[in-house]
Amino acid sequence: MNKNMIDFFEDTVSKYPDKVCIIDGERSITFRELREYGEKYARILLRESGDSKNSPVAVFLPKCLEVYEIDIACTYSGNIFMNLDVKTPLARIKNIIELIQPVLLVTNERYRDMLSEIAGNITIIDIEAMSVQDLSTDDRRLEGRRKEMIDTDPFCIINTSGSTGTPKGVVLNHRSFFDFLDWSIGKFHFDGTERIGALSPVVFDIYEYELCLMMKSGSQIVLLDSTLAVYPAKLLKYVQEQGVNFIFWVPSIMVNIANMNLLEKIPLNELKHVWFAGEVFPTKQFNYWKRNLPDATFTNLYGPIEITLDCTYYTVNRDFLDSEPLPIGYACENTDVMLLNDTNELCKSNEVGEICVRGTSLAMGYYNNQEKTMDTFVQNPLNPHYPELIYRTGDLAFINDRGEIIFKGRKDSLIKHMGYRIELGEIEHVLIDTLHLVQYACVVYQYERKEITLFYEPKDKVTDVDIRRALADVFPRYMIPSVYHCMDELPRNTNGKIDRLLLSEKINGK
């Protein structure tokens, strides 16, 4: 019986001890070596933390081989790894550390002095000093920790943006990963021959999935330098050279690749599985990928970080017009996705409601934030008989006549303006997918002046006047933005998504 991710990892090591599991540029590591480093660093973590258990360990390193070693070590030690983004402003890192209060902070010499200014009494460990310490230590403590772990113990913490300015630390346990791994491995016939093109930041839940898929099935991870996203041609060339056959990316970079017509110049013949999640993939650019990779399987996944890893999927098996949205599909196995209306009743066909989720995939809540946990992880309103939590995503969707779930946008982007209820995401969809006037768009609301504000990345030489005139042919006057901001590039958060919260705060003075 496997009770934790280490149990799966040990099984994989026994099957493929000498197989390379991670490639990081010119460096690589085998499963046997990864276990050795994981156990070695776990002993150091236990010693430095005073034998802490189920406690957060913060990891502040750029995406590299060592991050995987430390995350594995945290798990061996019976603690919770929490990766931090080295590109995040120091003030925000300070907020996270003050909220989570990790027992240790692992970094390298480059960042050690900088972190010491904000870490307070938290012990900072330099991984470069760890690497030269002796490997020969009694294994009984580690074996004891492994036996003590149960499947509902926390595995990792992922920080996501919070309305108060301090990120929320989402706690995910071992068991919540089991379901998604079992489903995805069975559904897509993953067998360990996957060469994963790992582009996502270490603070994104896609990173955790790739890590766990490697640990359980023996898949191989090829690290893709995040700076290559700025140079899509170089990125694709490296993916091609490395024989990557599985990618799980946020659509932004895929849109850029389509707009530059790179797949015709750099064919990715080895690519078998293309997964995407995190934001809407404009159908026009998706169709470009589908045409150029006719033998690949394309899957659209949906799920907030509070659900491990995603709760719905749609493998694209029919043609879509450029103006049609791609469905987010159907609930993953052993996960129940409910659409609830304003009176907490199940929505009828084609009725828009909030996406709510129940099942073992749910996160445990927000670390050191009981109030916010209770706001979003609530009693199932359809079940008055016994305690059963659901997660209210704040996202809107409807079920079409085919039984497919169609994403509509955020519940909190549903505004009331001039007496009318307006879904701001609808304006974005028309601009991008119907009128094809802009590359990216973000519509937010200025509450004090009652103004709909559009931020956009232009396509060709489109102007504010062009956009206003085009929208006037589609929408009533009250739905047309009154303020326009043309930008060379919309701001993105660490997950590669458009930073909607930042733009909203920009115009609302928060």
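**Close-ups of helix and strand packing**

**View 1. Helices α3 and α9 cross at roughly 70°.** The axes of α3 and helix α9 (residues 205-217) come within 12 Å; axes here are lines fitted to C-alpha atoms, for helices over the stretch in contact, with angles from 0 to 180 degrees between N-to-C directions. On the α3 side, Val67, Tyr68, Asp71 and Ile72 touch Tyr207, Leu211 and Met215 of α9, contact being heavy atoms within 4.5 Å. By class, that makes six nonpolar, no polar and one charged residues (Ala, Val, Leu, Ile, Met, Phe, Trp, Tyr, Cys and Pro are nonpolar, Asp, Glu, Lys and Arg charged, the others, Gly among them, polar).

This is a predicted model, so to speak in its terms: local features need pLDDT of at least 70, side-chain atom pairs count only at pLDDT 80 or more, and totals for chains, interfaces and linings use all residues. Residues are numbered from 1 along each chain as its sequence is written, and side-chain values use heavy atoms, leaving out hydrogens and water.

**View 2. Helix α2 meets helix α3.** The axes of α2 (residues 31-49) and α3 (residues 65-76) come within 7 Å and cross at roughly 60°, which makes α2 oblique to α3. Residues on the α2 side include Leu34, Tyr37 and Leu45, while those from α3 include Ile70, Ala73 and Tyr76. Sorted by class, the residues of this contact come out as eleven nonpolar, one polar and three charged.

**View 3. Strands β5 and β6 run parallel.** Four bridges join β5 (residues 104-107) to β6 (residues 123-126), where helices (H or I, at least four residues) and strands (E, at least two) are DSSP runs, numbered from the N terminus. Leu105 has Ile124 in β6 as its bridge partner.

**View 4. An open three-stranded sheet is ordered β24-β25-β26.** Its pairing is mixed (strands pair if DSSP finds at least two bridges between them). The edge strands are β24 (438-446) and β26 (483-486), each pairing on one side only, and the twist averages 20° from one strand to the next. Eight bridges join β24 to the antiparallel β25 (residues 451-458), and Ala441 has Tyr456 in β25 as its bridge partner. Helix α17 (residues 500-508) lies across β24 and β25, at about 50° to β24.

Terms used:
Angles under 35 degrees count as roughly parallel, over 145 as roughly antiparallel, 65 to 115 as roughly perpendicular and the rest as oblique.
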